[in-house]
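Welcome to this guided tour. Open your viewer, get ready to select residues by number, and follow along one stop at a time.

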Amino acid sequence: MTEKRTTRAAAGDGVAAITATAATPAGPAGPAAPADSAHPAVPDLAVPDTAALAARELRAVYSRLRRTLREASGGASDLTPSQTAVLSRLINDGPASASGLATAERVRPQSMAATVAALEQQGLVGRRPDPDDGRRQVVSLTETGLAYVADRRQARQGWLTQAMADRYTEAERATVLAALALIDRLNQ
């Protein structure tokens, strides 16, 4: 039997509630029932309210900053988020097959084929035969695609650099750098 438990500390102690799914013993007549395979047994955890608040605020600030940077680099784009992700992947990782891009972006190959076709129609990517496997094609950025990505990145970097210089003191910029080092630990 699977049971959901909610741990909630006394009001005002700064601990948020966490719900966990765990196996419960079947009793003296039999072995413990396994936890739901989709939700393995998780110990009850007490999470400080500040962790939940920091997570919410970080997501909100990140979303607003992304929107602001998108506007700074030319406003509303004709590209979808999927198309933008493909351009970023190609600039960062180099040429790739459509199936490789689909795997990397965790989308179906048919969806990636449509995304690549739209980018190709706009002249931002091109395809050429794979030198190792003539049945496959390799997708890469065109000169227009490279310029598009570079221009948008330069606009975002320029806006952010100027905003940091205009809106923060030297001490505040040092605080931002220290906070970024802490935030980057989430990636480890």
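Which residues form a nonpolar patch on the surface? Select L58, L177, L180, I183 and L186: together these residues make up the patch, with about 470 Å² of accessible area. Patches are built from residues with over 30% relative accessible area and no salt bridge; nonpolar side chains (Val, Leu, Ile, Met, Phe, Trp, Tyr) are joined within 5 Å, and like charges within 9 Å. The areas come from the Shrake-Rupley method with a 1.4 Å probe, and for residues only the protein chains shown count as cover.

Before moving on, two notes about what is on your screen. This is a predicted model, where local features need pLDDT of at least 70 and side-chain atom pairs count only at pLDDT 80 or more, while totals for chains, interfaces and linings use all residues. Residues are numbered from 1 along each chain as its sequence is written, and side-chain values use heavy atoms, with hydrogens and water left out.

**Stop 1: the whole protein**

Zoom out and switch to a cartoon view. The protein has six helices and seven strands. Helices (H or I, at least four residues) and strands (E, at least two) are DSSP runs, numbered from the N terminus. Starting at the N terminus, you can trace the order β-β-β-β-α-α-β-α-α-β-β-α-α.

Now try a surface view. The accessible surface is about 13100 Å², and 56% of it belongs to carbon and sulfur atoms. Of the 188 residues, 19% are buried. Here buried means under 20% relative accessible area, exposed means over 50%, and partly exposed is in between (1.4 Å probe, protein chains only).

**Stop 2: back to the nonpolar patch**

Which helix gives the largest share of the nonpolar patch? That is α6, with three residues. Click on I183, which lies in helix α6. I183 is partly exposed, because its relative accessible area is 34%.

**Stop 3**

A salt bridge is a side-chain nitrogen of Lys or Arg within 4 Å of a carboxyl oxygen of Asp or Glu. Is E170 buried or exposed? E170 counts as exposed, at 58% relative accessibility, whereas R173, at 24%, counts as partly exposed.

**Stop 4**

How many salt bridges does a search of the whole structure find? It finds six. For another one, go to helix α2 (residues 81–93) and select R89 and D93, four residues apart, about one turn of the helix. The closest N and O atoms of this pair are 3.1 Å apart. R89 is partly exposed, with a relative accessible area of 26%, and D93 is exposed, at 52%.

Next, select R127 and E120. Their closest N and O atoms are 2.9 Å apart, and the two residues form a salt bridge. R127 is partly exposed, at 33% relative accessible area, and E120 is partly exposed too, at 34%.

**Stop 5: a positive patch**

Select R64, R66, R67 and R70, which form a positive surface patch. Lys and Arg count as positive and Asp and Glu as negative, while His and the chain ends are not counted. The place of a charge is taken as NZ of Lys, CZ of Arg, CG of Asp or CD of Glu. R66 is found in helix α1 (residues 49–72), and this residue is partly exposed, with a relative accessible area of 45%.

**Stop 6: two threonines**

Where does T80 lie? Look in the loop between α1 and α2. T80 is partly exposed, at 37% relative accessible area.

T115 is buried, because its relative accessible area is 12%. Leaving aside neighbours within four places in sequence, T115 is in contact (heavy atoms within 4.5 Å) with S82, Q83 and V86.

**Last stop: R106**

Finish in the loop between α3 (98–105) and α4 (109–121), where you will find R106. This residue has a positive phi of about 60° although it is not a glycine. R106 is exposed, with a relative accessible area of 78%.
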